Structure formats: C-alpha cells, structure tokens
Amino acid sequence: MNTNKGLEIFKKIGLSVIFPLLMFVVMLIITGTNEKCYVNGKLIFLSGDMVQQVFLNASMTICVALAIWIQLKNGRFDFSGGATMILTAIVAGHIGYDTRNPWLALIIAVVLAVVLSMFTATVYILGRIPIIICTIGMTLFYESLTYLVFGGQGIRVFYSTVETSVFGRLPGIFLPAGLAILAFVVFTYFTAAGRKGKILSNNQRAGVNIGINEKKNVFTTYIFSGIILGFAAIIYVSQHEVGPQSGLATSGIMFSYIVPVFMGTFIGLASCDVVGIAIAAIGMEIMNYGLNCLNLGAGGWQQIILGIFVLGFYSFSAQTDKIQALFARMKAGKAKA
C-alpha cells in the first residue's frame, strides 16, 4: 500500500516537472547549435544568469497568473486587475521611496490592492451589471487615477534604488511570491468560497439556486485576489518604471501573463492548479530566456514563436483523453497477454 502511494507521488512529481525539463532540453539544443549564443566559447544559455533571470521573471508571472486564475475559477474575468496593480504600484512605490522603506511599500501595496479590489466588487454587486462591463469601466477609472496621483508622473526611481527594490531581486523576491502562493492556497482549500467556486464557474445560476451566496463569494474572492495583486504590484514596481496608463493598456499587462494560467491548469491535472501554474511559469521563462539568447526575445518573432508554441500545446492538451484511452487499451492488452 505504501509502495503504491509512493509510486503515485513519484508519478505526479514526474508529470509536473516534465514540461520545464523538456523546455530546458529543447532550448539547450537550439541555442547550443547557434554560434550567436556563445561568448568567449561559453554558451550563454548555461550561464549563471539563466537561473537568476528565470526565477526573477517567473515570480512575477506566478503572482499575476494566480490573480487571474482565482477569478476565472469562480466564473469571472477581472479586466481591472492590471489597473489595480499599476495604481497600487505607483502609490506604494512613492511612499516606499519617500520613506526608503520597502517593507512599508509592501504593506501599503497589499492594503491598497485589497481596498481597490473590494471597491470593484462593491460596484459589481450594487450595480448588477455584467462582470466584463463592470471591470472594463473600473479599469478606465483606475487608469485615469494614475494621471492624478503624484502629479501623473508615475514612479521611475523605486526600481533603480538598491535600498527600496529588494523585493524585485533575489532572494527578496521569494517573499511576496511565496506569500501570493500561500494566499491562493488558503483561499482554495480553507475558505468556503474557494471550495464552492468550481460550482459557480460551471453554472452560476445553479450554484445560487442550491444556496451558494454569490455576493459573499464575490467579496471573498476579491479580497484574496487583491492580496495577490498587492504582492504582484510590489514586485512589478521593484523591477520596472511605472508610468500612468490609459486606453485599457493595463488589460494588456494582464493578458501578457495569461498563457501560464491555461497551461498551468493542464499541467496541474497531475497535482494541483497552483503547482501547475508555478511549473508553467518556470517553463515559459526558460523558453523566453532561450529566445533572448537567440536575440528573439522581443518583437514580432517572439510573438510568432510563442503563438505557435501555445497553439501546439493546446492542440496536444485537447487530445489528452484520446491519449489516455490509448494507454489504457495498451495496458489492458498487456494484462491479457
């Protein structure tokens, strides 16, 4: 019994890590056969910088992806998440820089993101309008505020100051990323809203009819998504200049992190969604680092390669039922033999 349980755990671990390992091998082969990827005879892809960059970028990706998924798994897509993150980053960044206190900036980021998220939830509940229309309207509102706070200058010095940007570098970045994962786990497994969210995502009307309090679910979900967005904001402002936004530009920021969400939910079938998203984020950042070594890390070629890869991944994942059925038939055939 214990042996079978151990084999099952080992199988889940293997299925979970196969994606980043496969991505590493593929990019190693591609970069290894390209002369442009060598400096003084050494392969750039295998430099010590690779691990650092992968974890730095993956930490940010994980936070935003979890904020997206926590709403999606409850049947909602929050377009205002990016605007919430940017507005929070500007305010927390200014306060943190003025006081030279990154810990205060972290606390302000989480508190403000929760407040803004709760305001969005309140407008959605009281307005009784579709979530898409509500969150697009809130996105435009929060974006307009980025032009009003602190003179509309954004925050451009927080990330470049060693004293304040500790949560954008190793090892400090692991704190907000780890706390974001913890918040997601607490919501998913230790709150009623998290456990009942799957019912609402499949059929919101049926969930309400069987007694699920949708309003309570919305507020609880937005509290935790706000916490996660607060951690994402402190990482973002610790790594980038943050300027005022307009024209739903912040939605583009959110969409740029959405691929690991869908890939992660598939990879997570072998374990759980939070592990799948983390693994997907690491795998995608390994690919992005390899593309950077090939000088394809930005612009149209990156988008073309990413699009082809995502299409291929989704095409493969769509056939998983058939693949599982084939393995089941092969296993049954061997058993008879």
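Hi everyone. A search of the whole structure turns up ten aromatic pairs. Before I go through some of them, please keep in mind that this is a predicted model.

Let me begin with Trp103 and Phe167. Their ring centres are 5.2 Å apart and the planes stand at 90°, so this pair is edge-to-face; the cut-off for that label is over 60 degrees. Where do Trp103 and Phe167 lie? Trp103 belongs to helix α4, residues 102-127, while Phe167 is in the loop between α5 (131-146) and α6 (174-190), so the pair ties together parts that are 64 residues apart in sequence.

Now, are these two buried or exposed? Trp103 has 52% relative accessibility and therefore counts as exposed, with the line for that drawn at over 50%. Phe167, by contrast, is at 2%, so Phe167 counts as buried.

On to another pair, Phe119 and Phe141. Here the centre-to-centre distance is 6.3 Å and the angle between the planes is 50°, which makes the pair tilted. Phe119 sits in helix α4 and Phe141 in helix α5, so this contact ties together parts 22 residues apart in sequence. As for accessibility, Phe119 comes out at 39% and counts as partly exposed, and Phe141, with a relative accessible area of 38%, is partly exposed too.

Phe24, Phe45 and Tyr289 are linked by ring pairs into a cluster. And at Tyr97 we have a charge over a ring: Arg100 lies over the face of Tyr97, 4.0 Å from the ring centre.

The volume of the largest cavity is about 50 Å³.

Who lines the largest cavity? Please pick out Ala67, Ile68, Gln71, Asp78, Gly81, Ser225, Leu229 and Met254. By class, that lining has four nonpolar, three polar and one charged residues; Gly is counted with the polar ones here.

And which helices each supply at least two residues of this lining? Those are α2, residues 48-72, and α9, residues 214-237. The most comes from α2, which gives three residues to the lining.

That's my tour, from the edge-to-face pair of Trp103 and Phe167 to the lining of the largest cavity.

Conventions:
Residues are numbered from 1 along each chain as its sequence is written. This is a predicted model: local features need pLDDT of at least 70, side-chain atom pairs count only at pLDDT 80 or more; totals for chains, interfaces and linings use all residues. Side-chain values use heavy atoms; hydrogens and water are left out. On a 1 Å grid over the protein atoms alone, a cavity is a set of points where a 1.4 Å probe fits but cannot get out, and a pocket is an open set with protein on both sides within 12 Å along at least five of seven lines; lining residues have an atom within 4 Å of a point. Grid points are joined across faces, edges and corners, and a volume is the space filled by probe spheres set on the points. Helices (H or I, at least four residues) and strands (E, at least two) are DSSP runs, numbered from the N terminus. Rings of Phe, Tyr and Trp (its six-membered ring) pair if their centres lie within 6.5 Å; planes under 30 degrees apart count as stacked, over 60 as edge-to-face and the rest as tilted. Buried means under 20% relative accessible area, exposed over 50%, partly exposed in between (1.4 Å probe, protein chains only). A charge sits over a ring if NZ of Lys or CZ of Arg is within 6 Å of the ring centre and within 35 degrees of the ring normal.
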